[in-house]
Amino acid sequence: MSWNDHLSETDPAYLLATCNQTRIRCLAGPGTGKTSGLKARVSKLLEDGIDPSRILVVTFTRAAANDLKTELQQLGIEGCARIKACTLHSHCMSILSKQHIIEQTN
């Protein structure tokens, strides 16, 4: 299954998936297709040969991050399990802990 199956070129999910920017911020309300757009984008990136360990998907809630991880793995595309999907808070904490800032500042 290709990343653009069931998407028209005017669909917001298609536009999200084909954006040329390396970093994208997607702000939209519930039920607007953020997750389907992110899944299409990740699928396209993987089909284009991007290393899955270089893909980071950040959400605001744990539930959204967990749902996204599950849905990405269900795509059945090689490498999906290596994509990092997390909350903004947990990503920042992992950066801080790697830099030993937390230990130094108590």
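Helices here are DSSP runs of H or I with at least four residues, strands are runs of E with at least two, and both are numbered from the N terminus. This is a predicted model, where local features need pLDDT of at least 70 and side-chain atom pairs count only at pLDDT 80 or more, while totals for chains, interfaces and linings use all residues. Residues are numbered from 1 along each chain as its sequence is written, and side-chain values use heavy atoms, leaving out hydrogens and water.

On that basis the protein chain has five helices and two strands. Their order along the sequence is α-α-β-α-β-α-α. Along the principal axes, the C-alpha atoms fill a box of roughly 50 × 30 × 25 Å.

Helix α2, residues 34–47, packs on helix α3, residues 62–73, at an angle of about 45°, and their axes are 11 Å apart. The axes are lines fitted to C-alpha atoms over the stretch in contact, and angles run from 0 to 180 degrees between N-to-C directions.

Which residues of α2 and α3 meet? From α2 they are Thr35, Leu38, Lys39 and Val42, and from α3 they are Leu68, Glu71 and Leu72, with contact meaning heavy atoms within 4.5 Å. By class, this contact has four nonpolar, one polar and two charged residues. Nonpolar means Ala, Val, Leu, Ile, Met, Phe, Trp, Tyr, Cys and Pro; charged means Asp, Glu, Lys and Arg; the others, Gly among them, are polar.

Last, the lining of the largest pocket. α2, β1 (56–59), α3 and α4 (88–98) each supply at least two of its residues. The largest share, six residues, comes from α2. The lining has 18 nonpolar, eight polar and eight charged residues.
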